Amino acid sequence: MIEIMTEMLSHAFIQRAVLVGSLVSLCAALLGVSLVLKRYSMIGDGLSHVGFGILTISTVLGVTSPLYIAIPGVAIFAIILLKIDNNSRVKSDSAIALISSSALAIGVAVTSVTTGMNTDVCNFMFGSILAMSKGDVILSVIVSIVVAILFFVYYRKLFVVTFDENFAKASGLKAKRYTNIIAVLTALIIVIGMRMMGVMLISSIIIFPALTSMRVFKTYKSVVISSAIISMITFWLRNLFILCL
Amino acid sequence: MLKCILDLNKGYTGEIEKEKHIGYLPQKSEIQANFPASIEEVVLSGTIANHPQNIFYNKEDKENAKSVMQKLGIYEMRKKCFADLSGGQQQRVLIARSLCATKKLIILDEPTNGLDPSIARQIYELLRDLKEKDNITILMVSHDIERALTYADNVIELINGEIKFVGKPQDFQFGGEKK
């Protein structure tokens with residue numbers, strides 16, 4: 001099996017896939033900790049549906065690189081969704097359900113009106129890491145490195161804002177700004193990750209590592225570190241599993 | 001009123017002169033119920049306002065947090081998970097955090113809510129010690145009128161947002177009537 005593995009890894013397109021896959025899984029797991037703790041586990045699912053809607057529309061309109069449109073679009077929805085807190089009239093879980101199903105409906109309607117893009121739709125839905133173009137790969141790598149660096153730089157502030165937003169505001173931190181940063185980073189990772197995991201499964205790389213680590217570890221730092229490690233382990237297990245099939 | 005002082009609420013009228021470093025202890029939020037964070041991390045997070053641009057906590061902040069934790073008797077269990085503590089211990093940790101943020105003024109929003117009377121008394125006594133030994137001003141909102149009157153120096157009574165009473169606790173009359 002190791003022989004097959006090394007042979008597989010000698011192909012450039014597989015190397016690309018592995019590089020992107022591990023970086024995206026890592027970033028998704030890091031952001032996942034903040035999202036799960038803020039009770040936004042479903043946001044990954046919701047935003048990926050929004051991404052699906054935007055991607056199908058831009059494909060139909062003939063945009064050559066739909067990712068460049070999907071990223072800002074999803075970011076806007078991420079900011080809106082994270083703005084909705086428990087004091088607003090529509091609760092955040094209903095808002096996520098509302099936006100995600102509408103976006104999916106629009107996407108499906110658009111695809112059924114136009115014909116001949118069924119493979120594309122399938123790619124969006126279930127993802128295909130090997131089908132990523134060179135441009136997509138470069139974009140994904142840059143975005144995930146930026147996300148990881150920003151997460152590291154804002155680590156302390158993200159902790160304070162997540163743990164106790166009111167205290168953060170009273171200490172003079174711009175809590176809104178950091179919530180927006182989380183939203184934008186999440187949007188970036190979701191759009192990139194959609195190419196790999198697909199609309200249906202993107203949530204898994206965001207919430208599983210965080211939830212697993214939260215059961216085992218009791219301090220914030222150890223939870224963050226273990227989510228990163230778990231995301232790597234599961235990524236490689238997944239690769240092995242696919243290889244064995 | 002607290003929210004205005006703390007800049008949480010923008011809809012007020014009038015001017016507020018404000019100190020930069022305030023230690024605030026909000027009412028309990030439900031997010032904290034199973035948040036994985038050690039006592040040390042929570043207390044350290046109080047120092048964030050001192051150097052918001054740094055990536056790590058610096059030595060001075062860590063020393064500060066350590067001495068505060070020792071003062072409140074929580075240094076021994078600093079590695080424990082915040083969510084596993086009892087209500088009184090959690091309140092102690094949050095007071096420690098607000099002490100890290102300030103040297104002058106702590107603002108507390110119902111600190112004894114949901115605590116049993118003997119623990120609540122410990123918290124009040126802890127606050128009185130802080131006031132007397134460390135010269136920290138303590139501003140507290142409370143529904144626990146009886147006990148608040150025993151420990152307070154000055155009382156302001158608010159009913160539906162209007163000030164009904166300002167003065168010493170011994171002069172305080174319940175809702176304007178004699179007790």
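Student: How many of the 15 residues of H4(B) are buried?

Tutor: Quick heads-up: this is a predicted model, with local features needing pLDDT of at least 70, side-chain atom pairs counting only at pLDDT 80 or more, and totals for chains, interfaces and linings using all residues. Residues are numbered from 1 along each chain as written, chains are lettered from A and ligands numbered from 1 in written order, and side-chain values use heavy atoms, without hydrogens or water. Buried means under 20% relative accessible area (exposed is over 50%, partly exposed in between; 1.4 Å probe, protein chains only). H4(B) is mostly covered, and its buried residues include Val93(B), Leu94(B) and Arg97(B), for a count of 12.

Student: Which ring does Arg97(B) lie over?

Tutor: A charge sits over a ring if Lys NZ or Arg CZ is within 6 Å of the ring centre and within 35 degrees of the normal. Arg78(B) does this with Tyr75(B), at 4.3 Å. Arg97(B), buried in H4(B), sits 3.8 Å from the ring centre of Phe167(A).

Student: How many aromatic pairs are there over all chains?

Tutor: Phe, Tyr and Trp (six-membered) rings pair with centres within 6.5 Å; planes under 30 degrees apart are stacked, over 60 edge-to-face, the rest tilted. Ring pairs link Tyr155(A), Phe159(A), Phe163(A), Tyr220(A), Phe35(B) and Phe82(B) into a cluster. Over all chains, the count is 10.

Technical notes. Helix = DSSP H or I, 4+ residues; strand = E, 2+ residues; numbered from the N terminus.
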